[in-house]
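Welcome! Please take a look at the sequence and the model shown here, and then read on for a short tour of a few helices and residues.

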Amino acid sequence: MNEPWEIQLLGGLRVRRGGRDDVRFPTQRVAGMLARLAYRPGETISREELVDILWPDCLLHKGLPRLSGELTRLRNLLEPLGDVDRGSVLRADNVNISLNPAAVTTDLATFENAHKNGLESSSTAARLPWLVQAVETYRGPLLPRFDHAWIEPARRGAAERFLQATEQLTAQLSQIGEHDRAVTYARRAVAMNARSEDAHCLLLRVLVRANRLPEMRQRYRELERMLEDNYGSVP
């Protein structure tokens, strides 16, 4: 079987296979269609829903032919002639479209699986590797350059799970005395969302556990400035 397509959704949409360079999308709508399909490989998405995503102000009878054209472009991208069988990656009928989950991998699925296993593991030894994988897999917000309506709640949910995993990871590391690693991961949470008060508070707590009080005070002043500049509020 051919190597699966590797689809990155966190931090930006990128697609590659077998260590080759990232593919280039022929149109932004091809990228948008793939983003929605790759969010949940194997889930069938109706053609009507995809038309509504890609052409939100277009009448359905006009959008469906446009969708067929973009679908052909996406198929040519994922199933180049002479390379893979038609239908082996992209499954489509007159009603629904989906990605074959055996033909693709996504960083979002890796992140969500690691997050789930990290929270459900019963011991620190079993929990830590999963939490590390979850936090390190999260390269940034879900599909940051897309503004389709479905993405915002999905993006917010992924960010919340990342912060939850980071909170659990830093607590575990602090508990076993690995304070420097805990601080590094807490800083990562702030770097991923500099406007998140929760992320800043996580870093403050980790610095207190590490007994790095001068740095904690400096960070608190930075939090004050961030909230004042962006929201006109206080911590």
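## Helices H4 and H5

H4 and H5 pack with their axes 8 Å apart, at an angle of about 150 degrees. Because of that angle, H4 is roughly antiparallel to H5 (the term covers angles over 145 degrees). Axes here are lines fitted to C-alpha atoms, for helices over the stretch in contact, and angles run from 0 to 180 degrees between N-to-C directions. Helices themselves are DSSP runs of H or I with at least four residues, numbered from the N terminus.

H4 passes H5 in a left-handed crossing, where the near helix is turned anticlockwise from the far one by less than a right angle. On the H4 side, Asp 107, Thr 110, Phe 111, Asn 113, Ala 114, His 115, Asn 117 and Gly 118 meet Arg 127, Trp 130, Leu 131, Gln 133, Ala 134 and Thr 137 of H5. These contact residues divide into 5 nonpolar, 7 polar and 2 charged; Ala, Val, Leu, Ile, Met, Phe, Trp, Tyr, Cys and Pro count as nonpolar, Asp, Glu, Lys and Arg as charged, and the others, Gly among them, as polar.

A word on the source: this is a predicted model, in which local features need pLDDT of at least 70 and side-chain atom pairs count only at pLDDT 80 or more, while totals for chains, interfaces and linings use all residues. Residues are numbered from 1 along each chain as its sequence is written, and side-chain values use heavy atoms, with hydrogens and water left out.

## Ser 121, between the two helices

Is Ser 121 buried or exposed? Ser 121 sits in the loop between helix H4 (107-120) and helix H5 (124-137), and it is buried, with a relative accessible area of 15% (buried means under 20%, with a 1.4 Å probe and protein chains only).

The side chain of Ser 121 reaches the backbone oxygen of Asn 117 at 2.5 Å. Leaving aside neighbours within four places in sequence, Ser 121 is in contact (heavy atoms within 4.5 Å) with Ala 126, Arg 127 and Trp 130.

## Helices H7 and H8

Next come helix H7 (residues 179-192) and helix H8 (residues 197-209), whose axes come within 8 Å and cross at roughly 165 degrees. H7 is therefore roughly antiparallel to H8, and their crossing is left-handed.

## Met 216 in H9

Met 216 belongs to helix H9 (residues 213-231) and is buried, with a relative accessible area of 19%. Leaving aside neighbours within four places in sequence, Met 216 is in contact with Leu 204, Leu 207 and Val 208.

Terms used: Parallel < 35°, antiparallel > 145°, perpendicular 65-115°, else oblique. Buried < 20%, exposed > 50% of the residue type's maximum accessible area, 1.4 Å probe, protein only. Polar contact = N/O pair within 3.5 Å; in protein donor to acceptor, adjacent residues only side chain to side chain.
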